[in-house]
Structures are given as structure tokens and as C-alpha cells.
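Here are some notes to read beside the model. Please keep the structure open while going through the points.

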Amino acid sequence: MLGGYTFTDLGSIFVMQGFAGLILFSVFVLMALGLAIIFGQMGVINMAHGEFMILGAYVTYLTSTFFQAHLPGLFSIYFFVAIVLAFIASGIMGLIVEYVLIRHLYNRPLDTLLATWGLSLILQQAYRTIFGAREVGVELPQWMLGSWHATESIEIPINGMIIMALTILITIGVGFLMYKSRWGKNVRAVVQNRAIAGAVGIDTEKVDRYTFGIGCGIAGIAGAAFTMIGSTGPTSGQLYIVNAFLIVVFGGAQSLLGTIASAFTISQTQSTLEFFLSGSMAAVITLLAVVGLLMLRPQGLFTLKVRR
Amino acid sequence: MSNAMLTIDDLHVAYGKSEVLHGLNLSLAKNEIIALMGRNGMGKTTLMKALIGLLPSLRGTMKVDDLDITKLKSYQRVAGGVAYVPQGRMIFSSMTVEENIETGMAKSSKSSILTGIYELFPVLLEMRKRRGGNLSGGQQQQLAIARALASEPKVLLLDEPTEGIQPSIIREMARTLKRIRDERGLSILVSEQVLSFALDIADRVLVIENGEIVHEESGAEIDGAKISRFLSV
């Protein structure tokens, strides 16, 4: 009966796959948050977003090797240092890219797409040259390994819980930044009408630059989290960029809440189905469901209702 | 004039190759309200946009108080004391009323500014948590003015503020604008098509035609009939 599983087994499978889905969800949310800020708020389609994430992953890798070689005593806390460094590295690179490239293309979405795609190729090759084509993995400190036995048949990995906690923290931070801070107000004003935002006294160029930088920095944090669940290679970012875009579009481009809800739906569907079907079938079914829903609701899950 | 708050000297503005303003001169004194009248396509909105920096100028200078704003970006002009209420209001529709006002405030945002604004526009205080897009046209216009005032300007530019607004609200707006001028010592440049509104608030009426000021009247003897001849098509 039930393909050889008992009900208790099935229950445990759902809980553990559900939790695996939550970890995937966390990485997706981190990635999609950065993208939602950049795409949803600025309208820039950043094809290099995956590479900004991988930069964060490489920074985490470098930090871990540095701590292993020079500060073995502090190795257990290297991950938290790595998160900060990953944010800074990806953020600074974002600022530079915005200044050199993106700001000249704000009214040309298709050109942005091409330019950032080119940038992603350049970055991939740069990673290949610097770090080698082989994938690298980080070593986790002892206390992050292992898992927590909730019941006899349910095990929940500790690093997964750390990623989730990190995601919750970052999400709250971004929410606060966008909806409570002065900076967030300026960003939303610039998004709605760049020219008028300037005419009421907002330095739109500065807002654009820092928005892009922060979006990229969050991608860097996603990269740091990513090292815990997969190994880092020059093209690893490519695997996640499509899903991240899917999440942002599905959730409704300008709504952070929508982004989170859609990341949850997509990652849970994917990971629960993956256990019973092959990975690619799971992806096909998820995609079909998303396409179907987007046909019914092209504006995405969450939208604001206002008179225009 | 030594007490001029806004001085425009020989301003040329063009869209690509087609020049719309051909050497416009204008001086707005402290505490003065000027109404700029003219038919459609004569350059009213162009002048407004050039003043706030949404359109580049080819030649000429613009000064606020003693600050040359000709080469400044929009946000720097706002910091220099110009505020702009665009045609069609252009409030941020998905943001709340209060957030809309706060976008106009300079870095050192003082709550006293908000209090002052809500005193001028009590309806905005009632609506302060509503999204701007859900307000009526008249309320949106008040919000657009409030947002401009939040930067504590010296010169207020209003581009056709009466467009699409019901007459009772227009009369109220005229009262409010005069009150702002009296209380805050503002200079106001307003472009208008509605003659009665212009006559009601303006100290001086200028008529713009083909990018030049062709007629000017001031003081008590403003002759409405004469101006309306310029406006008839």
C-alpha cells in the first residue's frame, strides 16, 4: 500500500521534504529578494544576478580557507564573518557595475538584458580563470554539521536551520528598509516616477546606485548561504537565476510579500514532488503550474490596488 | 529689481531641433504671485519643466535668489529653493499620503513641517494613511502642493493646477495659495488657462505666445477682457 510506505513514514517524509523545501525556499528568497529590489523596483533585468550570488559564495570559500590557515581558533564563527564580507564584496561590485554600465541603460530594458548577460559571461570566465573550473566546497565548522532529531524518523539538518534564520533576518531587514526607512520611501518614489521624484528633491541617481548595490549585496548573502547546500563553481549561479526570476514574476514584481509567497509555493512544490518523481519531472510540473497561474493572473500573485 | 526671487534671463529651450522658448525674460519678486497665461502649445509647461530641470536649456540663465540654477540637476534645484507642482499632479499613487509628503522633505525632516502642512490641508490629515492613488482629483492636487511645500521652498511653480478640478475646489485652492504666500513669504509662478482663477490670485498676469511674453498687466487694473482676447483661439 502507498508504494511500500506506511503512514508514519509518509508523514516523516513530508516533514523532512517539507524542511528540505524550506531550505531551498530560503536560498530562493535570498536570491529573489535581491532580484525583486533590482527588477521589481528599478525595472532592470539583471541576468548577472546569479554571478553576484556566486561571488558571495567564493568570498565565503576564501574566508573559510583563510580562517582554516590563519585563524583556526576562530573557525567556528567564520561563517558570520563570511556573510558580511560576501555582502560587502557583491555590494561594491554592484555599485561599480551600476556606475559603469547600468545607469546608461535605464530607459532601454532590452539592452540591459543583453549587457548584463554579457557581464554574466565575463564574470563566469573570470571565476574560471581565478578559481579554476572545478567546483569548490567549504568546510563547515563542527557545530553546524549534524542534525537535530525531532522524532525517531524525522531529522532536521542544523545548517538548514541557520540558513532559515538568516533568511528571516534579512527579509525583515529588507522589509524594514523598503517600507519604514526614508531610503525606502525614496526608492519607491523613484520607481513610480523617476523624473518627478527628482523634481520633488530626491537624488535619483544616488538612489538607483545604492538600490542596485544593496540588491547585489543581498545576492552575495544568498551565495554565502548557498555554500552550505551545494558546491560552488563558475556556472552555479545559472542554475538559480531562472528560478529566481520565476519567483519574482510569479509573486508580482513590486511586492516583497508576493516574492516570499511565491518562493514558498515554488520551492515546496518542487521539493515535495522531487521525492516522488525525478527532479526534472518535478521542475516540469512546477513550471506548468506557474505558467498556468500566470495566464490567469498575469500581474502575479500580489498587486496593489490603486487608481492610476 | 533687487528683491527678485526668480530671475530668468534670455532662456532658450528646445525639443531636439525645434525651439519652443526663444529668449524668455521674467522676474518674480519676493511675495509676488505671477500667473502665466497662454493657449495650448505656447510654452507654459516647457518653461515650468525647464525651471525645475526636467528639460535642458540651450541658452540663458535662471537664478533663484542669488543662486544660479541653470546647470543644476532637479534635486539640487529643489535644495536651492524651487518647488514644483507638475501638470496632472503626478503624485506617487501607490504610496500613502504621508509618505508622499515626506518624499518632498529635505534630509533633516522635521515633524513641524508636517504639522504646518496638515494645518493648511486638513483633508490630508484625515487621509494620511490612504494611498495617494485612491484620493479624488482635488485631494491629489492638494497633496501635490503639500509635497512641494514640504521642501520649504522660496519659489513655488504650479503647472495648470486647476486642470480637471471642480470650481468650488478651485476657489478654495486660490485662497490657500494666497494664504501660503502671506504666511510663508513665498513667490509663486502659476501657469493657467482659467482666467477667473488667474485674476483671483495673481499680482501680475503675463501672456505667453510662441515662447515669448507678449503682454503684461499688473496691479488693480488687470483687464480680464483684454487678456481673454489673447487666449481665444
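1. A salt bridge is a side-chain nitrogen of Lys or Arg within 4 Å of a carboxyl oxygen of Asp or Glu. With that in hand, the count between chain A and chain B is three salt bridges. One of the pairs to look up is Lys73(B) with Glu205(A), whose side chains meet in a salt bridge at 3.7 Å, N to O. Please bear in mind that this is a predicted model.

2. The two chains also share polar contacts: seven residue pairs, both residues at pLDDT 80 or more, are counted between chain A and chain B.

3. The size of an interface is often given as the accessible area lost when the parts come together. Here chain A and chain B bury about 2200 Å² between them, and 55% of this is on carbon and sulfur atoms.

4. In soluble globular proteins, nonpolar side chains tend to be buried together. The largest nonpolar core in this model has 115 residues, and the ones with the most contacts inside it are Ile8(B), Leu11(B), Leu26(B), Leu47(B) and Leu189(B). Helix H1 (residues 7–42) of chain A supplies the largest share of this core, 16 residues. Apart from this core lies another, of 47 residues, which includes Ala83(B), Ile113(B), Tyr118(B) and Ala202(B).

5. Ile8(B) is worth a look by itself. Leaving out residues up to four places away in sequence, Ile8(B) touches Leu24(B), Asn25(B), Leu26(B), Leu47(B), Leu51(B), Thr61(B) and Met62(B).

6. Most residues other than glycine have a negative phi. Asn31(B) is not a glycine, yet has a positive phi of about 70°. Asn31(B) sits in the loop between strand E2 (18–29) and strand E3 (33–37) of chain B. Its relative accessible area is 37%, so Asn31(B) is partly exposed.

7. Arg89(B) also has a positive phi of about 70° without being a glycine. Where in chain B does Arg89(B) lie? Arg89(B) is in the loop between strand E6 (82–85) and helix H3 (97–104). Arg89(B) counts as buried because its relative accessibility is 15%, and buried means under 20%.

Note on methods:
Residues numbered from 1 in each chain as written. Chains lettered and ligands numbered in written order. Heavy atoms only, no water. Core = buried A, V, L, I, M, F, W, Y, C linked by side-chain atoms within 4.5 Å. Buried < 20%, exposed > 50% of the residue type's maximum accessible area, 1.4 Å probe, protein only. Helix = DSSP H or I, 4+ residues; strand = E, 2+ residues; numbered from the N terminus. Contact = heavy atoms within 4.5 Å. Buried area = accessible area lost by both parts, 1.4 Å probe. Polar contact = N/O pair within 3.5 Å; in protein donor to acceptor, adjacent residues only side chain to side chain.
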